[in-house]
Amino acid sequence: MSLTVRRATEADFGRVLKIYEGARKFMREHGNGAQWGEDRPTAEEISSDIADGVLYAISDGTELCAVFALVRGGEPYYADIEGEWLTDAPCLAVHRVASSFGRRGMLHEIMQFAKAQCGHLKIDTHADNYVMQNALSREGFVRRGWVTLPDGQRRIAYEFFARG
């Protein structure tokens, strides 16, 4: 079945909430209960992402399979990295990645889409999120150091840069 990537809409809101709920459950089951806690991303964050046009959905034509945010220019907190970015070239930050329970290969689809938009990507993840860390390595991302979120939590920073 063919997959399509499109901007999420308000009509997707309920399904997006369910996908994130399932992702939080998956993370807890895999030793990463702290990254999103019980309510992240919040309904307000999801609505804001939709309104800002940064939340994307992957659909198989019948249902949503995955969601993610693409933020132009990275994040302000990326400026203060414990480590070093490969380059300060314009980038997209990938955030709030989640897939429907049981769906495999969605990170690859997300990253193929993101790489087609911009050859320079940044992403961060929780130290306990080994599933994401391994998947990012498979996608060609390099661990660059640590960043600190505005709320004081630290995340491992990764970068993908397609030279040339």
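Predicted model: local features only at pLDDT ≥ 70, side-chain atom pairs only at ≥ 80, totals over all residues.
Contact means heavy atoms within 4.5 Å of each other. Residues are numbered from 1 along each chain as its sequence is written, and side-chain values use heavy atoms, with hydrogens and water left out.

View 1. Helices (H or I, at least four residues) and strands (E, at least two) are DSSP runs, numbered from the N terminus. Helix α3 spans residues 106-117.

**View 2. Eight strands build an open sheet with mixed pairing.** Two strands pair if DSSP finds at least two bridges between them. Strands of a sheet pair through backbone hydrogen bonds, either parallel or antiparallel. The order is β1-β2-β3-β5-β6-β8-β7-β4. β1 and β4 (82-83) stand at the edges with a single partner strand each, so one side of each has no neighbour in the sheet.

**View 3. Strand β2 is antiparallel to β1 and to β3.** Four bridges join β1 (residues 4-7) to β2. Thr4 stands opposite Ser59 there. Five bridges link β2 and β3. Ala57 faces Val67 of β3 across this pairing. The β2-β3 hairpin has four residues between its strands, and Gly61 takes a positive phi near 95 degrees.

**View 4. Both faces of β2 are covered.** Buried means under 20% relative accessible area, exposed over 50%, and partly exposed in between (1.4 Å probe, protein chains only). In a regular strand the side chains alternate between the two faces of the sheet. Leu55, Ala57 and Ser59 are buried on one side of β2, Tyr56 and Ile58 on the other.

**View 5. Tyr56, Phe68 and Phe113 form one aromatic cluster.** Rings of Phe, Tyr and Trp (its six-membered ring) pair if their centres lie within 6.5 Å; planes under 30 degrees apart count as stacked, over 60 as edge-to-face and the rest as tilted. By this rule the count comes to six aromatic pairs. Tyr56 and Phe68 are stacked because their ring centres lie 5.5 Å apart and their planes meet at 15 degrees. Tyr56 belongs to β2 (residues 55-59) and Phe68 to β3 (residues 64-72), so this pair ties together parts twelve residues apart in sequence. Tyr56 is buried at 11% relative accessible area. Phe68 is buried at 0%. The pair of Tyr56 and Phe113 is tilted, with 5.4 Å centre to centre and 50 degrees between the planes. Phe113 lies in helix α3, so its pair with Tyr56 in β2 ties together parts 57 residues apart in sequence.

**View 6. Strand β5 pairs with β3 and with β6.** β3 and β5 are antiparallel, over six bridges. The bridge partner of Arg72 in β5 is Leu92. β5 (residues 92-99) and β6 (residues 120-125) are parallel, over two bridges. Leu92 also stands opposite Leu121 in β6. Six of the eight residues of β5 are buried, so the strand is largely enclosed by the rest of the structure.

**View 7. Two lysines sit over aromatic rings, Lys115 over Phe160 and Lys122 over Trp85.** A charge sits over a ring if NZ of Lys or CZ of Arg is within 6 Å of the ring centre and within 35 degrees of the ring normal. The charged end of Lys115 is 4.2 Å from the ring centre of Phe160. For Lys122 and the face of Trp85, the distance to the ring centre is 4.1 Å.

**View 8. Gln35 is a buried residue in the loop between α1 (13-29) and α2 (43-52).** Its relative accessibility is 12%. A polar contact is a pair of N or O atoms within 3.5 Å; within protein, one must be able to donate a hydrogen and the other to accept it, and residues adjacent in sequence count only if both atoms are side-chain atoms. The Gln35 side chain makes one with the side chain of Asn129, at 2.9 Å. Leaving aside neighbours within four places in sequence, Gln35 is in contact with Met27, Thr125, His126, Asn129 and Arg155.
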